[in-house]
Each structure stands twice: as structure tokens, then as C-alpha cells.
Amino acid sequence: MVWRFKKHSVLPGFGLTLGFTVFYLSLIVLLPLTALCLKSTSMGWAVFWETVSHPRVWASCRLTYETAAIAALINAVGGFIVAWCLVRYDFPLKRVFDAMVDLPFALPTAVSGIALTTIYASSGLIGQWFAPWDIKLVYSRWGIIIAMTFIGLPFVVRTLQPALEDLDKENEEAAACLGASRWQTFRFVIWPTIIPALLTGFAMAFARGLGEYGSIVFISGNMPMKTEIASLLIITKLEQHDVAGATSIAVVLLVSSFVLLLSINLLQWWSSERLRGVS
Amino acid sequence: MSIEVRHISKSFGNFTALHDVSLQVHDGELLALLGPSGSGKTTLLRIISGLEVPDANPDSEILFHGQSVVDCPVRHREVGFVFQHYALFRHMSVADNIGFGLRMRPRATRPSKSEIRDRVGKLLKLIQLEGFGDRFPSQLSGGQRQRVALARALAVEPKVLLLDEPFGALDAKVRQGLRTWLRRLHDEIHLTSVLVTHDQDEALEVADRVVVMNQARIEQVGTPDEVFHHPQTPFVMEFLGQVNVFHGRVSQGKIELDDPFVSEHANVNVGSSPPAVYARPHELDIQRESTSGEGFYATVKRLHLAGPIARVLLEAENGGDVQVHLSLERFYELALQPGVAAFVVPKNGRVFEAASKMKLG
């Protein structure tokens, strides 16, 4: 790729906006992250590796990524159905349902944590139906997945809605005239055009799950090696005045999240290029 | 494959799109549904295709070759449908678009991959886009896209071809070319086709028969010749070309004109007295002096000479505009200039009574 300015535009302001963008991103994103990396390098490789390779750290990181991935997958399926229903059909109270999708955005995470714990606890509204089978929905991995799913739902729905609204009705009619069944129309005409949006939604829900802290600490039980998420471990380290330990976990999280999101973005970019019909 | 629809009505909420329409399309003909927007022509086409369901009515019937298809869903009706905005699948190459219908067939009737490739190759040749198979729709011009859409519809060997304003989104030059090409194609394959258009030139040039529609009803069905030269209603007269409307009367085969209508809208005066007389611009003559006492006095306002005929716009004494088309020879013989006074003399004209029509001249 060649670095160059876009062609002459009637609207001025390229220099100004680029300058601001660089400054703003540096201040808000780059600077804190750099400080984090510097802090962790200051303690040397040996100490860093010792902290990071500790079984408790390893377990918590693995738990965080696994639960976030499962929650994002659940949301990709459930959120897709919700978005599909909200966009494609008209029904009473549609606006209310639509507004409800945003609730996880708006609620303070502590509030949602308490609410979820109350409902899913073995004496709670939903939890009591699982208790007889010895399935514990809270203070277990399930609890973490429930909280992450709750928090990630709007990301999938809100990224899918515009893509579904943009679907060309005539494309579906053309497919039907050509003899395609409903399933074939969905599989070969609709599906390829919404994959990019679905991937974006999945990536955002996944990232949101990785970063969730507030609601999970209420519902997970925070048992070391079992239900302790990485963010909590960082807090624990900080409370023990182990700043270096906390930052090294943070760096591991940072790098792995970046790599994961970058690859999802590349996948999404590739699929949307294909969609635009560029060979 | 002949098509027949009987007593079809369709409303969307309070809006009546079709009111008790019956129509027959003969086997192998190209029929044009012509009318202004909102006249119901597209709705009729979509009902034939099965994309739209007519209002429930025990008398209504849709027959393909004498067989009812009312309960047959779109995908089993074997209709080729071409949309105004192409509706190509943008994530598929041109070849994949054309082969889509074949690939979607159930395994038992699906052609093999190489058969599909052959069929697509033949169709690419038919639409004169050989070598474009690997391109994507976004890399084609509008005219090329519409030809691909047509090939895609033909690939499944439909029994009828339905075209919904297929050239509506294209510019005039491309449109003209595609129109001629479509007519040639139809002469080759003789597939029963219904074309929806609001462009009277297109309908008159391409179709075997024209159905003129207005306000959810069929006004007239006939060959292009018939509907142009023998319109049965003021609407058809007006829709198929320019027209002048006069107050006047007809006695013993002679037209006596009073004043031209200031408004060119014909429907205002049907049935009232004095009745309206309709004359196309080429059915009027201009004379410098009134020799026979016929005609009325008018002043030349504007001249359009760029074309095979001279188009003269005159203003009558009551302020109404009159359009007259003359041959260029006649025009130069008269030596007309803007501001010159002249007499407009009718050579031909029509009076539409409320129910019956009367042809004069």
C-alpha cells in the first residue's frame, strides 16, 4: 500500500482533523497503553515471566477468554434472531422491545450484577428450576457466561440491525422467482451479505466480555483457579501492592486481545471486500 | 404459454391498485402494460408472477395455458422476472448470478456443473457479454447489468418472461439500444412476455399489443397502431402523445372549433356542452389566410425546427396554447416567424362521448 493523501476535496480540514486525530488517539489510547508496557518492562523478563506463568494467572486468563468467546457466540446466535425479528416483522410493543435491547448499555454494571445474581441464584426466579438438577448458575462458570452474555447483547443487535435493514427485498424476490426455497434464499442470498456485520458484532461483544468486571464479581463467586477472571486478579494484585504483577497480567491481556480483535477485523474486512464484489 | 387473468382486484389499505381487471396474453406475444405511475401496471405484473396475491374474490382467476396457478407459489410458477433495479446478487460473479436458478434446483433435476457452465456460456453470448463471466455486478454498466438480469431470468427456461420497467433506470441512448435488442431477442425465442413501462414510445415500438392502464383499470387493449390512431378514451388519446383540446362541435362530418382549452387536460369537459374535440398536433394545418372560413385565428409563439418535422406553438385569442406539427416543406412554404398571425385549421379530430366514441375526418 502506498501512503498518500486522498484526491483533492472541496472540503478543507484534512490537516486539522488528522492532527487532532493523532493527538486525541495518543492521549486517550496510546499513552496509557505505552505507560502500561513501560511499567511492566521495568521489572525485567524473569519477574514478568514468573508472574505470568503462575497457574492462577494462567487459569484466570484462560477462563476469561473462554467465557467471553462462549458468551459472544451465544449472542451472535441470539442477537441475530432478535435483530432479524425487530427488523423484518411488525408487532405490538416492537418499540419497547427495541428499547430494551439497550438496557445492558445503560445499566451500571453493579446493578446488573446484583439483578442477575438474584434471579439466577438457586433460590431465585430462574435458578430454582436448575437447582434440583444440581446445576449452579451463579458462583460458577455459568454465572460468568450469563453476565457476559447480558452485557454483550446490544453490540450484536445494534451492528446487525442496519445490515438487515439494507437488505434488498427485490434480491429475495428475484431468488424466489428463480426457484430458490426460503432456506436457499437465506443461505445463498441473505447470509453472505450480513456476515461482515455479524463478525463485527461478535468481535465487539467478545471484547466487551473480556473487559467486563462490575457485574461478574457479583455473580462468579471469585474462587481462585475456578471462577476468578483476569480483571479481578489484577485488582487483587493491586490491593496487595503488587503493581508490577498487576501490570504484567494487564500486558498479556492487552496483547492477546489486540491480536484477537485484529484477526477478527481482518476476517470481517476480507468478507466485506468479497461482498462488494472485488475479486 | 398463454396467460389469462380474470376479475383481479388488489388494494393496499385504502388505495385501490387494481379494480376488476381481466386480460389475456396470447402465446408467444410481447405485451406491454402502459400507464402512468399508480395505474396498477406493476401490481398486475407482480400478481401474474405470484409475488403479490390478489384480493380474495371467488371469480378471480389466474391461468397459465388454461391451468390455474392461483395456489402455485412464486418459485414453482416458472416465471422469469426482471426488475427495474436489476436485483443482481452483488456478492456473486456474473456467471454465478446467471447460473443461480440452476444451482438452486433440487438434486434430481439439477444439471451438472459442466452443464451449468455451458448454459451460462451460451447465455453470456446471447447477451453479448462473453468474457464478462468473472466480473462482479459492480464492475458493469447499467445496461450490462440489466442484460445479466435478463440472462439470469432466462437461464431457468421460464414459461413466461415478466419485465418490470426494465429500462427505467437507464439513460436514453442505452435504453433505445436495449429496446431494439429486446425486440430482436423476442423474435428469436418467442417467449410469452409482459413488459411494464410508463414510456409510450417504448411500448409502441417494442410490443405486439399494448394495454393502456389508468387508475386501476384497463382503458384500452390493442396493437400499437390501434391504440395510437384509434384511441377509445380521452385518456388513451392524451397518454399516447401530444394532443390539443378544443371547445367545438361536429356537424355533418365537419368540425367547428371554438376556442382551444387553456388547460390541456381533457377529462374536464367530457360530456358537457359544447363537447371537447381532440386533435393531435399533426392533425392540424396552418394557413396564412382563412380561405374557407374554417379554423381560428392564432399567433405564432415559438418554433422548434430541430427534427424531422417543424413543431409550431401558437397562442389563440383566448390565450390557449395550440401545438401544430407540419412537414418541413409545408413550414417553409408558409414562411412562419414568431409573432406572425395565422389560421389553425383542423384536418382531423375526435369527440369522445361519455360511452361511445365518434371518429371524424
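So, Leu162(B) stands opposite Val194(B), which sits in strand β8(B). That's chain B going from strand β7(B) through helix α5, residues 172-189, and on to β8(B), in a right-handed β-α-β crossover. Right-handed here means that, with the strands pointing away from you, the path from the first strand over the helix to the second runs clockwise.

Before I go on: this is a predicted model, where local features need pLDDT of at least 70 and side-chain atom pairs count only at pLDDT 80 or more, while totals for chains, interfaces and linings use all residues. Residues are numbered from 1 along each chain as its sequence is written, chains are lettered from A and ligands numbered from 1 in the order in which they are written, and side-chain values use heavy atoms, with hydrogens and water left out.

Okay, back to the strands. Helices (H or I, at least four residues) and strands (E, at least two) are DSSP runs, numbered from the N terminus. Two strands pair if DSSP finds at least two bridges between them. Strand β7, residues 160-164 of chain B, pairs with β8(B) in the parallel sense over five bridges. Strand β3, residues 30-34 of chain B, also runs parallel to β8(B), over five bridges, and there Leu31(B) has Val194(B) as its bridge partner.

How many residues of β8(B) are buried? Six of six, across residues 192-197. Buried means under 20% relative accessible area, exposed means over 50%, and partly exposed is in between, using a 1.4 Å probe and protein chains only. In a regular strand, side chains alternate between the two faces of the sheet. In β8(B), Thr192(B), Val194(B) and Val196(B) are on one side, Ser193(B), Leu195(B) and Thr197(B) on the other, and both faces are covered.

Let's zoom out. Chain B has nine helices and 20 strands, and buried residues make up 50% of its 361 residues.

One helix to look at is α2(B), residues 94-103: seven of its ten residues are buried, so the rest of the structure largely encloses it. Among those buried are Val94(B), Ile98(B), Phe100(B) and Leu102(B). What do the buried residues of α2(B) pack against? They meet α3 (113-126) and α4 (142-155) of chain B, plus α9 (169-177) and α10 (182-211) of chain A. Contact, by the way, means heavy atoms within 4.5 Å.

Now for Thr43(B), in helix α1, residues 41-49 of chain B. Thr43(B) counts as buried because its relative accessibility is 12%. Not counting residues up to four places away in sequence, Thr43(B) touches Lys10(B), Phe12(B), Ala17(B) and Leu18(B).

Over in chain A, Ile146(A) belongs to helix α8, residues 141-165. Is Ile146(A) buried or exposed? Buried, because its relative accessibility is 16%. Leaving aside neighbours within four places in sequence, Ile146(A) is in contact with Leu116(A), Tyr120(A) and Leu137(A). Tyr120(A) is 26 residues away along the chain, with 9.0 Å between the two C-alpha atoms.

Last stop, Leu33(A), in helix α1 of chain A, residues 14-41. Leu33(A) is partly exposed, because its relative accessible area is 30%.
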